[in-house]
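Please look through the sequence and the three-dimensional structure shown here before reading on. The report that comes after them goes through the structure one topic at a time.

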Amino acid sequence: MKNISLIEIGAHRVVPWYFSPYPEEYTKLPVLYLCEFCLLYVKSKTCLKRHRVKCGLFYPPGNEIYRKGEISFFEIDGRKNRTYCHNLCLVAKLFLDHKTLYYDTDPFLFYVMTVRDEYGMHLVGYFSKEKESVENYNVACILTMPQHQRKGYGKLLIEFSYELSKIEEKTGSPEKPLSDLGLLSYRSFWSQMIVEVLKTTDPSVHLSIEEVAKHTAFTVEDVMHTLTTNNIIRYFKGGYVFCLSQDLLDAHEKSMKKQRNRIDGDKIQWVPVDWAKRGKW
């Protein structure tokens with residue numbers, strides 16, 4: 001049962017979807033006010049105005065590792081910025097039913113996406129990632145804030161996570177289970193990127209499933225799931241072939257036109273945390 005009636009964050013008032021473990025005295029308020037830059041929660045508009053005078057933040061803490069146009073990504077260490085990451089998890093729990101991480105943020109890195117205007121860099125969404133994942137998950141939790149959904153930001157978050165995997169020279173997959181919205185976004189993104197790889201590869205070149213995985217940084221399992229779901233891989237004359245139907249190509253073209261923003265991998269200024277162990281630097 002959800003316990004917060006309404007939150008105000010920046011210029012938006014948003015109705016929460018699920019329970020989040022905010023302190024009990026804050027759950028009885030008609031509106032919970034959040035500082036959109038540090039995510040501190042307060043009881044009134046007056047308290048928020050007083051806090052903003054002291055706060056002084058106009059962007060998330062941590063390192064800005066990507067900027068293209070008005071879009072930026074910040075890498076935030078869950079150990080070095082515990083308060084911010086804790087508050088971010090509380091906000092995320094309002095909109096993610098399956099999320100379990102509230103307090104122990106130390107083992108995680110948080111990648112926060114913002115949109116910049118003349119007033120600052122505003123939270124759009126984020127994903128978290130384990131510093132060391134035994135299962136090679138490249139995303140632990142992912143969320144686009146409800147007021148910014150249906151604008152293509154979800155796929156931008158997903159694309160950024162895979163661009164980081166490419167820099168790490170690894171394949172990755174999101175931690176399961178995904179939310180319903182997350183699963184839809186991932187399935188759409190996987191299909192989009194795999195069709196793009198197949199479409200732009202010379203038909204005379206022999207392309208294996210492992211090579212598709214390497215091109216996209218998707219796991220072989222996610223590639224196979226996408227290929228079979230979309231009926232792209234078929235048995236033909238004693239072997240398996242990739243087959244792109246005209247309907248699939250038309251849908252792909254339409255989808256790509258809708259996606260106005262794309263991640264430019266050359267603009268990412270980032271070094272993986274395990275490169276020192278791997279002798280990369």
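## How to read the model

This is a predicted model, in which local features need pLDDT of at least 70 and side-chain atom pairs count only at pLDDT 80 or more, while totals for chains, interfaces and linings use all residues. Residues are numbered from 1 along each chain as its sequence is written, and side-chain values use heavy atoms, with hydrogens and water left out.

## The nonpolar cores

A nonpolar core is a set of buried Ala, Val, Leu, Ile, Met, Phe, Trp, Tyr and Cys residues joined through side-chain atoms within 4.5 Å; here buried means under 20% relative accessible area, exposed means over 50%, and partly exposed lies in between, with a 1.4 Å probe and protein chains only. The largest nonpolar core has 42 residues, and Phe73, Phe127 and Phe160 touch the most other members. At least two residues of this core come from each of strand E5 (63–68), strand E6 (71–77), strand E7 (108–117), strand E8 (120–130), helix H3 (153–168), helix H4 (180–200), helix H5 (209–216) and helix H6 (220–229). Helices (H or I, at least four residues) and strands (E, at least two) are DSSP runs, numbered from the N terminus. H4 gives the largest share of this core, eight residues, and apart from this core lies another one, of 33 residues, including Tyr22, Leu29, Phe108 and Met145.

Contact means heavy atoms within 4.5 Å. When residues up to four places away in sequence are not counted, the residues that Phe127 touches include Phe73, Leu109, Phe160 and Leu164, and also Asn138 and Ser161.

Thr114 is found in strand E7, and Thr114 counts as buried because its relative accessible area is 1%. Leaving aside neighbours within four places in sequence, Thr114 is in contact with Pro60, Glu70, Ile71, Ser72, Phe74, Met121, His122, Leu123 and Val124.

Lys129 has its place in strand E8, and at 6% relative accessibility Lys129 likewise counts as buried. The side chain of Lys129 makes a polar contact with the side chain of Glu168, at 2.9 Å; a polar contact is a pair of N or O atoms within 3.5 Å, where within protein one must be able to donate a hydrogen and the other to accept it, and residues adjacent in sequence count only if both atoms are side-chain atoms. Among the residues that Lys129 touches, not counting those up to four places away in sequence, are Pro107, Tyr111, Ala140 and Trp270.

## A listed position and the backbone around it

UniProt, in an unreviewed entry, lists Glu175 for "active site"; such positions are given in the numbering used here, feature names are shortened, and annotations may be inferred rather than shown by experiment. Glu175 lies in the loop between E11 and H4, and Glu175 counts as partly exposed because its relative accessibility is 29%. Beyond its neighbours within four places in sequence, Glu175 is in contact with Glu130, Tyr137, Val139 and Ala140.

Pro177 lies in the loop between strand E11 (173–174) and H4, and a cis peptide bond, with omega about 0°, joins Lys176 and Pro177. In the loop between H3 and E11 is Glu169, a residue other than glycine with a positive phi near 60°, and at 56% relative accessibility Glu169 counts as exposed.

On a 1 Å grid over the protein atoms alone, a cavity is a set of points where a 1.4 Å probe fits but cannot get out, whereas a pocket is an open set with protein on both sides within 12 Å along at least five of seven lines, and lining residues have an atom within 4 Å of a point. Grid points are joined across faces, edges and corners, and a volume is the space filled by probe spheres set on the points.

A search of the whole structure finds two cavities of 30 Å³ or more, and about 80 Å³ of space lies in the largest cavity. The lining of the largest cavity includes Glu175 and Pro177, and also Leu96, His98 and Gly182. The largest pocket has a volume of about 930 Å³ and is lined by 32 residues, of which Gln149, Arg150, Gly154, Leu181 and Ser185 lie nearest its centre. H4 supplies the largest share of the lining of this pocket, eight residues.
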